[in-house]
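Hi,

Here is the structure I promised to pass on. Have a look at it first, and then read my notes below.

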Amino acid sequence: KLASSELGLTNCDREPIHIPNAIQAHGVLLTFTQTDLKILQISQNCDVLLGRSAAAFLGQPLLVLMAPSQIAKIESCLNDDFENVNPLRLSLQVDGKSQGFEGILHRADGVIVLEIEQLAIAEDPAQADARTVNFFDFYKFVKAPMARIQNTQTLAELAQQTVTTIRTLTGFDRVMLYRFAEDGSGNVIAEAKADFLDSFLGLHYPASDIPRQAKELYRLNLLRIIPDASYTPSQLEPQLNPITGEPLDLSLSVLRSVSPMHTEYLANMGVQASMSISLLSAGGASPSDSRQLWGLIACHHDSPKQLSYETRTICEFLGQAISFEVGSKADAEDLDYKIQLQTAQARFINTIANCQSLGDGFAQNPDDLTALVGATGAVFCERSQVTAFGSTPPSASIADLITWIDTQIGEDAVFSTNTLVSEYPPMVPHKDVASGLLALRISRIQKTYLLWFRPEVLQTIDWGGQPNKPVEVEEDHTLRLTPRKSFDLWKETVQLKSLPWKPCEIEAALELRSRIIGIVLQKADELAVLNA
Ligand code: BLA
């Protein structure tokens, strides 16, 4: 196990955050055996929250803690899952007074884990009648928000409606929707926040801010809550699970202690409480094609904040429903984009079919020429005649570029890269227009080429709000543990790169090539007939 002093920015992925041997201090965790309900491990803060030290519980039957009727409830679920009993309403004697708690059960490493939390008494909309929440109450809380969410048309509207809904329901100061990209980085695509906070909208952050193993836990456990990030962790006693001799796997625990890297991050942001709701993608039909973490609804509060089990369940439920909506809206937007490419292509083919030469055709409809693959500039080159449209590197640099492209291009006559300037240094001065290149060779003999260009990512991202000053940090802070510094780190990772070319854009280029060849051949036939 890594000690916290050994943790750094380079080994975040290796911190075993599922076995911290400790929990957050607002609740008590204990484990017991399934066969005789004897207590095996308990967190040391039982003396504060339950009024008795660990020694009073260890080795004892559950009866030391709760009434026989409650034990009977647990026993009724021993061979099943605990969904029907969660949360257990516990009324416990603490220092001679009766106190209300919520108990949450799950299984881990061959034992049963019971997590006990004090009833939340915050301003919690779901709280009023949550004590006796039943199906109808639950339905009441999710019905209207779901209808509003389902009525949205675009992904952007859906994301905005989602953060507004979650903020109304929970009262967090800030609620954001993060979307993960293929490379594990992410960005804030929607935000609902209190007026006194600066906006994080449009901010991008690198993959390392939510390391791989943390994402894996958020895939298994759909809601993560940190009610008070300045807590002192409470150790489990004994440290190892007596049955396995190993640390207890806390992957599914709601109280799991937070990585010190992350508590520092929260502290640097001035955030005291946080909650994240997982959004998963649909996943494929085969078991290996499992559901991936698509994004997170991330919530912040500048003072400690706890939510009742019911409100958390409602949030988790909404998260699952939103996952489905988000997935279908994202697919629909992909489809819309493909249709847009096809439409541009159809119009473009039509233009060139009616022109004397390819060059004329390109000159007549340069907008569709670039739109057809989502580029910002294009160059048509025939023999050494260069015609440029939109934002491109200077014509004088094209001949050398094509000589280099000839060494890269494959049998399929297409070559694409989103790191042109690092692969071909002469383009460095032109990175603002040509960080990405999609090249098509139409005819090797005629030396006919079509090149499309894209600018560096940093020029193209939509800055949404004003991510310029999300948080102020001391200059001497050595670790990059704030969204502000993360954003700088993310900028480093995308420097000299363009947005990647999508498979559908590369296909559109290849399709264009075969259509052009078709038109050229047809024109040649017509000429041959005329000349005969
Ligand atoms: C967890 N990091 C998280 C979580 C978020 C972020 C949302 C989920 C937990 C939560 O809800 O609080 C990241 N939060 C952000 C970002 C913004 C934000 C990017 O508000 C931007 C606005 N984190 C780091 C580095 C490491 C790291 C460098 O920045 C590792 C060295 C680790 N982040 C880390 C770990 C977790 C985490 C380990 C899991 C915490 C846990 O569940 O125990």
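Which residue in E11 does Ala22 stand opposite? Ala22 faces Gln235 there.

Before the rest, a word on how to read this. The model is predicted, so to speak of local features we need pLDDT of at least 70, side-chain atom pairs count only at pLDDT 80 or more, and totals for chains, interfaces and linings use all residues. Residues are numbered from 1 along each chain as its sequence is written, and side-chain values use heavy atoms, leaving out hydrogens and water.

**The overall picture**

The protein has 15 helices and 18 strands. Helices (H or I, at least four residues) and strands (E, at least two) are DSSP runs, numbered from the N terminus. Of the 532 residues, 51% count as buried. Buried means under 20% relative accessible area, exposed means over 50%, and partly exposed is in between (1.4 Å probe, protein chains only). Looking at contacts (heavy atoms within 4.5 Å) with a separation of 6 or more, 65% are between residues 24 or more positions apart.

**The sheet**

Back to E11. An open sheet of 7 strands runs in the order E1-E11-E3-E2-E6-E5-E4, with antiparallel pairing. Its edge strands are E1 (22-23) and E4, each of which pairs on one side only. Two strands pair if DSSP finds at least two bridges between them. E1 and E11 (residues 234-237) are antiparallel and joined by 2 bridges.

Gln239 is partly exposed, with a relative accessible area of 34%. Not counting residues up to four places away in sequence, Gln239 touches Asn21, Gln41 and Pro247. The C-alpha atoms of Gln239 and Ser43 are 9.3 Å apart, although 196 residues separate them along the chain.

Another cis peptide bond joins Asn86 and Pro87, with omega at about -5°. Pro87 sits in the loop between H2 and E4.

In helix H2 (residues 68-76), Gln70, Ile71 and Ile74 are buried. They cover an arc of only 100° around the axis, which puts them on the same side of H2; the arc is that of the directions from the helix axis to the C-beta atoms. Why might that happen? An α-helix has 3.6 residues a turn, so residues three or four places apart point the same way. The face of H2 turned away from the buried side carries the exposed residues Pro68, Ser69 and Ser76. Among the elements covering the buried residues are E2 (27-32), E4 (88-94) and E5 (97-108).

In helix H5 (residues 212-220), the buried residues are Gln213, Ala214, Lys215, Leu217 and Tyr218. They pack against E7 (174-180), E10 (223-226), E12 (273-280) and E13 (293-301). Lys215 has its charged end over the ring of Phe180, 4.5 Å from the centre. A charge sits over a ring if NZ of Lys or CZ of Arg is within 6 Å of the ring centre and within 35 degrees of the ring normal.

**Aromatic pairs**

The structure holds 5 aromatic pairs. Rings of Phe, Tyr and Trp (its six-membered ring) pair if their centres lie within 6.5 Å; planes under 30 degrees apart count as stacked, over 60 as edge-to-face and the rest as tilted. The ring centres of Phe362 and Phe380 are 4.5 Å apart and the planes are at 70°, so this pair is edge-to-face. Phe362 is in helix H8 (residues 358-364) and Phe380 in strand E14 (residues 377-382), 18 residues apart. Phe362 and Phe380 are both buried. Trp404 and Phe415 also form an edge-to-face pair, 5.6 Å centre to centre with 80° between the planes. Phe348, Phe362 and Phe380 form one aromatic cluster.

**Two loop residues to look up**

Leu37, in the loop between E2 and E3 (39-43), counts as buried at 7% relative accessibility. Arg383, in the loop between E14 and E15 (385-390), counts as exposed at 54%.

Happy browsing!
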